[in-house]
Amino acid sequence: MAESFEKLVQIMDDLREKCPWDRKQTVDTLRSMTIEETYELADAITNKDWQNIKEELGDLLLHILFYAKIGTEQNQFTLQQVIEGISNKLIIRHPHIYGDVKVNDEEDVKRNWEKIKMKEGKTSVLSGVPTSLPAMVKAARIQEKAKQVGFEWETKEDVWKKVEEEIGELHEAMEAGNQDEIEAEFGDILFSLVNYARFLRVDAESVLERTNKKFIYRFKRIEEEAKAQGKDLHDMTLGEMDAIWNRVKGEKLITNNE
């Protein structure tokens, strides 16, 4: 493994020195490409496409080496410091493995992790949540972090009551015709539903993407069926389209990497 890693590091050095495109890149130009690669990995994971997962992990590893190479050139940090930094962090944050702290389950591990981060100088338990995270992912992370200090509902029934409460408040805002309040209450419903998903041990982001893919597949099948019948969707009634939808609902979803 060490030999393979050193080979990749050498390739990165060669590209940075000899390739006009690679020489031109900065941390700013790489940023959007790194985000794209991360989403491509996420797609592969969603599709359980292990071959693509392997390839996308390789692409992300290359990006890590690229940033480390630029960091070295800018006299900011070296690849070795990056590796030593994460190694030291993992040791410090796992005192139940590398120290004498006792834990009973994964929740104890998470609580200890947050306590250690606060000792490291964090000003808030929420300070580690990236501002650029997608809203639904961010909501789940915020809730998970708040949970580690005891700010958490007792049961999923309590959470569902909160969902119903927020729905009631949305209806009140709708009756009042206050658009700003409608938007605020709708956001509260989404936040509460993400919380409820956590209590059901469901990843809200993942299951929503699963539903997105299912809808896309079924809608494309409607388009195919309509075309086969010589019809255009614009000229079809909702009832006609819904009839096709119900026929294709039983079909197995075929995932791909489009």
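The model is predicted, so local features need pLDDT of at least 70 and side-chain atom pairs count only at pLDDT 80 or more, while totals for chains, interfaces and linings use all residues. Residues are numbered from 1 along each chain as its sequence is written, and side-chain values use heavy atoms, with hydrogens and water left out.

- Apart from neighbours within four places in sequence, Ile-222 is in contact (heavy atoms within 4.5 Å) with Leu-233, Met-241, Ile-244 and Trp-245.

**Helices α9 and α10**

- The axes (lines fitted to C-alpha atoms over the stretch in contact, with angles from 0 to 180 degrees between N-to-C directions) of α9 (residues 156-176) and α10 (residues 179-199) come within 9 Å and cross at roughly 165°.
- That angle makes α9 roughly antiparallel to α10, a term for angles over 145 degrees, whereas those under 35 count as roughly parallel, 65 to 115 as roughly perpendicular and the rest as oblique.
- Residues of α9 including Trp-160, Ile-167 and Leu-170 meet a set in α10 that includes Phe-186, Ile-189 and Tyr-196.
- By class, the contact of α9 with α10 has 13 nonpolar, two polar and seven charged residues, where Asp, Glu, Lys and Arg count as charged, Ala, Val, Leu, Ile, Met, Phe, Trp, Tyr, Cys and Pro as nonpolar, and the others as polar.

**Helices α1 and α4**

- Helix α1 (residues 2-18) packs against helix α4 (residues 50-73) at an angle of about 60°, with the axes 10 Å apart, which makes α1 oblique to α4.
- In this pair, Phe-5, Leu-8, Val-9, Met-12, Asp-13 and Arg-16 of α1 meet α4 residues including Leu-61, Phe-66 and Glu-73, and the contact divides into nine nonpolar, no polar and four charged residues.

**Gly-99**

- Gly-99 is found in the loop between α6 (95-98) and α7 (106-119), and its 45% relative accessibility makes Gly-99 partly exposed, between buried (under 20%) and exposed (over 50%) with a 1.4 Å probe and protein chains only.
- Gly-99 and Gly-58 are 41 residues apart in sequence and 33 Å apart in space, C-alpha to C-alpha.

Notes: Helices (H or I, at least four residues) and strands (E, at least two) are DSSP runs, numbered from the N terminus.
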